[in-house]
Amino acid sequence: EAARRRGIRVAVLKEGSPSCGSGYVYDGSFSGQRQAGVGVTARLLADAGLRVFSEHQWAEADACLARLEAGDGL
């Protein structure tokens, strides 16, 4: 809700985090094992209508934001 009130439409979050991962998260065993999945915060933001990218996707996030600002949508 806070993101929507502020007009935020794109988020770039840290991949692998249990909160912020958008493609994978660590499995919680502290062994460095990853598993496919989406973190809690990333899921909440996406469900609220934000486009979520990892820190490895700066170019894609920038292009998405440019399209949104130009009024071309997603």
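Predicted model: local features only at pLDDT ≥ 70, side-chain atom pairs only at ≥ 80, totals over all residues.

Student: Where do Asp47 and Arg43 sit?

Tutor: Both are in helix α2 (residues 40-47), and they are four residues apart, about one turn of the helix.

Student: And is Asp47 buried or exposed?

Tutor: Asp47 counts as exposed, at 57% relative accessibility.

Student: OK, how many salt bridges does the structure hold?

Tutor: Three. Another one joins Glu1 and Arg4, where the closest N and O atoms are 2.8 Å apart. Glu1 is exposed at 53% relative accessibility, while Arg4 is partly exposed, with a relative accessible area of 48%.

Student: Which side chain does Glu55 meet in a salt bridge?

Tutor: That of Lys14, at 2.9 Å from N to O. This pair links distant parts of the chain, 41 residues apart. Glu55 is in the loop between β4 (51-54) and α3 (58-70), and Lys14 is in the loop between β1 (10-13) and β2 (24-26).

Student: How exposed is Glu55?

Tutor: Partly exposed, with a relative accessible area of 21%.

Student: Switching to cysteines. How many disulfides are there?

Tutor: The count comes to zero.

Student: Why is Cys20 too far for a bond?

Tutor: Because the closest cysteine sulfur, in Cys64, is 18 Å from the sulfur of Cys20, and a disulfide needs the two sulfur atoms within 2.5 Å. Cys64 is in no disulfide either.

Student: Is Cys64 buried or exposed?

Tutor: Buried, at 0% relative accessibility.

Student: Now the core. Which residues make up the largest nonpolar one?

Tutor: It has eight residues: Ala3, Ala11, Leu13, Cys20, Ala42, Leu45, Leu50 and Val52. At least two residues of this core come from β1, and at least two from α2.

Student: What does Val52 touch?

Tutor: Leaving out residues up to four places away in sequence, Val52 touches Ala11, Leu13, Ser22, Ala42, Leu45 and Ala46.

Conventions: Residues numbered from 1 in each chain as written. Heavy atoms only, no water. Salt bridge = Lys/Arg side-chain N within 4 Å of Asp/Glu carboxyl O. Buried < 20%, exposed > 50% of the residue type's maximum accessible area, 1.4 Å probe, protein only. Core = buried A, V, L, I, M, F, W, Y, C linked by side-chain atoms within 4.5 Å. Contact = heavy atoms within 4.5 Å.
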